Amino acid sequence: PGFKTIGWKEAGKNHKQQPLSLSQCSGVRRATDEDPDSKKGGHSYCGTEILRNSMHAQYKNKAFSLIFPGKRTLDIQVETEALCNTYVRCFELLVKEAQH
């Protein structure tokens, strides 16, 4: 309870990104989930555009994105598919709680 934002700091850098409010997160999307914004000419892609462009396909079952306004995403890759499933479910619950 009370977990309302997510933030991060890049290793070796002093600049810390502003935390993102989970109440503004519009969804948690696995790298294997269809991207509704990609439907063109009868084809569609999975994940998010940024995740597709930065991730090797072999990691598709170990990655997901938190989606924020303005097509901003926080893309996360973990060590195992089981851990990915756990994180996705936990973030779905955290986002739902933050929005209510």
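Residues are numbered from 1 along each chain as its sequence is written. As the model is predicted, local features need pLDDT of at least 70 and side-chain atom pairs count only at pLDDT 80 or more, while totals for chains, interfaces and linings use all residues; side-chain values use heavy atoms, with hydrogens and water left out.

**Exercise 1. The chain as a whole**

Work out which pattern of helices and strands the protein chain follows, and describe its dimensions.

*Solution.* Start with the elements: the chain has two helices and five strands. These are DSSP runs numbered from the N terminus, helices being H or I with at least four residues and strands E with at least two. In sequence order the pattern reads β-β-β-α-β-β-α. Next, take the radius of gyration, computed over C-alpha atoms, and the globule rule, 2.2 Å times the number of residues to the power 0.38. The radius is 14 Å, close to the 13 Å that the rule gives for 100 residues, so the chain is as compact as a globular protein of that length. Finally, the C-alpha trace spans about 40 × 35 × 30 Å along its principal axes.

**Exercise 2. The sheet**

Find the order of the strands in the open sheet, then say which strands stand at the edges.

*Solution.* Begin with the pairing rule: two strands pair if DSSP finds at least two bridges between them. Three strands come together in the order S3-S4-S5, with antiparallel pairing. S3 (27–30) and S5 (72–77) each have a single partner strand, so one side of each is left without a neighbour in the sheet.

Now go through the pairs. Four bridges link S3 to S4, and Arg 29 is partnered with Ser 65 of S4. Six bridges link S4 (residues 63–68) to S5; here Leu 66 pairs with Leu 74 and Ala 63 with Gln 77. S4 and S5 make a hairpin with three residues between them, and Gly 70 in the turn has a positive phi of about 75°.
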